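Here is a colleague's note to read beside the model. Please keep the structure open as you go through the points.

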Amino acid sequence: MALDFELSWEHEQIREAMRGCLEPFQGRREELTQMVIKDKIFPQELWDAITGTGLLGCMVPEEYGGNGMGLMGVTIGLEELACHGFGNALLVLTAMDMACIYRNGSEEMKQRYLPKMASGELKFGFAITEPDAGTNAFRVKTHARKDGDDYLISGQKVFITGADVADRILLVCRTTSVEDCKKQGLPKGFGLALFVIDPKAAGIDLKPIPTQGIEGMTQFTVYMDDVRVPATEMIGEPDMGGMALFNSLNPERILAAAAACGMADNCLKKAVNYANERSVFGNRTIGSYQGISHPLAKVAIQLEASRLLTYKAAWAFDTSDNPGLVGQYANMAKYTAGEMAIEAVDRAIQTHGGYGFSEEYGIIHYHTSARLLRTAPITAEMILNFIAEHHLGLPKGY
Ligand SMILES: Cc1cc2nc3c(=O)[nH]c(=O)nc-3n(C[C@H](O)[C@H](O)[C@H](O)COP(=O)(O)OP(=O)(O)OC[C@H]3O[C@@H](n4cnc5c(N)ncnc54)[C@H](O)[C@@H]3O)c2cc1C
């Protein structure tokens, strides 16, 4: 049987639903852009309109308030939102956390969280990075200590996106320290634990970090000092969070790739429109110069390739229960789409000449957003390390 690359009617409906929910906001683009880019606020009414379509419900079946369309549904939806300039990091974070809770959480936890996440009532953040544990995530020091039926969590996280607006955060910490793992001859992947925490709980302090790159959102240092969390908020078993973690990280990479494709598509369309209108020498438009058209054609090719890889990664996540295999496609998609988005934004700026830097044309702010993709949610170097080791079987050099 031939491979079928056609999107289904249901997937087309998701795209249609995204366009439909954004329609009422089109006339207020300037006001919303001001809120998202300058004030770093993602408007609640926009969140409500997007989640009201059931987009996040794709992540879970009907019994948890969803529609069972899978990560592929969110991938297609998020890409479409980004095509219209409305990508949103909290959608990515909430969806990735849903995947982890659905695949690894207790039945009680699934019932408690998934319907409210699916409806958009609960926004989730994600916290793994620490001052000494970014690329090397196994080095996390934040520790959860058992205290009766609860855990007491202490430590520090950095760069936590949207910690001020998230209702909950999926926190990666340790129930056995790296040092104790070493002493006991256990692998460093052992000892990790995942908790759902309330960022407004007693013992948590948030400090904003002035950063750029994620529109409509701020990053925070999260200080935790004996934060009391019921044991029922742990996803899976103590010490065994390592594998479950990838049920969050893989969707994050795939959705970052989808957002990159949408961003690139948006910038490419702006560039093509401008190239078709602008004349510099005589009446011919700049789009007729190969110096302008060929780089844009290359972006179009790379965009199509990135989109295919992103859909393949989403398909792998939905159909495979092997996080290692899914990770290969997720990382490839994130790398390809991230690098492509950087080029797409750069070419759109170049096509616009000086106007590429004018805020009015709505391109320049993508420069940082696209560039961030080479660094977060995982750095390009670590993806290449991962592919060299796990896909090609080359030795690990660090
Ligand atoms: C805007 C923004 C939003 C973020 N949001 C979140 C969030 O919501 N939640 C969260 O947990 N984190 C978040 N992060 C953190 C982000 O995931 C990390 O910054 C990123 O993973 C890199 O970690 P690091 O900054 O500690 O870099 P480091 O680990 O210090 O690495 C520094 C450089 O060394 C390179 N390097 C390190 N080891 C190797 C090696 N073995 N081989 C080759 N190169 C290597 C890295 O690739 C990198 O280029 C965010 C970051 C930013 C900037």
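1. Start at the ligand. One of its nitrogen atoms lies 2.8 Å from a polar backbone atom of F159. Keep in mind that this is a predicted model.

2. Side chains make such contacts too. A ligand nitrogen is 2.8 Å from an N or O atom in the side chain of T161. For the side chain of N385, the distance from a ligand nitrogen to an N or O atom is 3.0 Å.

3. How much of the ligand's accessible area does the protein cover? On its own, the ligand has 990 Å², and the protein covers 68% of that.

4. Now look at the shell itself. It holds 20 residues, and the closest are T129, T135, F159, T161 and T379. By type, the shell divides into 10 nonpolar, 9 polar and 1 charged.

5. Return to F159, in strand β3 (residues 150-161). Most residues other than glycine have a negative phi. F159 is not a glycine, yet its phi is positive, about 65°. With a relative accessible area of 48%, F159 is partly exposed.

6. Is D239 buried or exposed? D239 counts as buried, because its relative accessibility is 17% and the cut-off for buried is under 20%. D239 also has a positive phi, about 70°, although it is not a glycine. Find D239 in the loop between β8 (234-235) and α8 (241-277).

7. Finally, check one peptide bond. Most peptide bonds are trans. The bond from A376 to P377 is cis, with omega near 5°. P377 sits in the loop between α11 (366-372) and α12 (380-391).

Technical notes
Residues numbered from 1 in each chain as written. Predicted model: local features only at pLDDT ≥ 70, side-chain atom pairs only at ≥ 80, totals over all residues. Heavy atoms only, no water. Helix = DSSP H or I, 4+ residues; strand = E, 2+ residues; numbered from the N terminus. Buried < 20%, exposed > 50% of the residue type's maximum accessible area, 1.4 Å probe, protein only. Near = heavy atom within 4 Å. Polar contact = N/O pair within 3.5 Å; in protein donor to acceptor, adjacent residues only side chain to side chain. Areas by Shrake-Rupley, 256 points an atom, 1.4 Å probe, with all protein chains shown as cover. Nonpolar A, V, L, I, M, F, W, Y, C, P; charged D, E, K, R; others polar.
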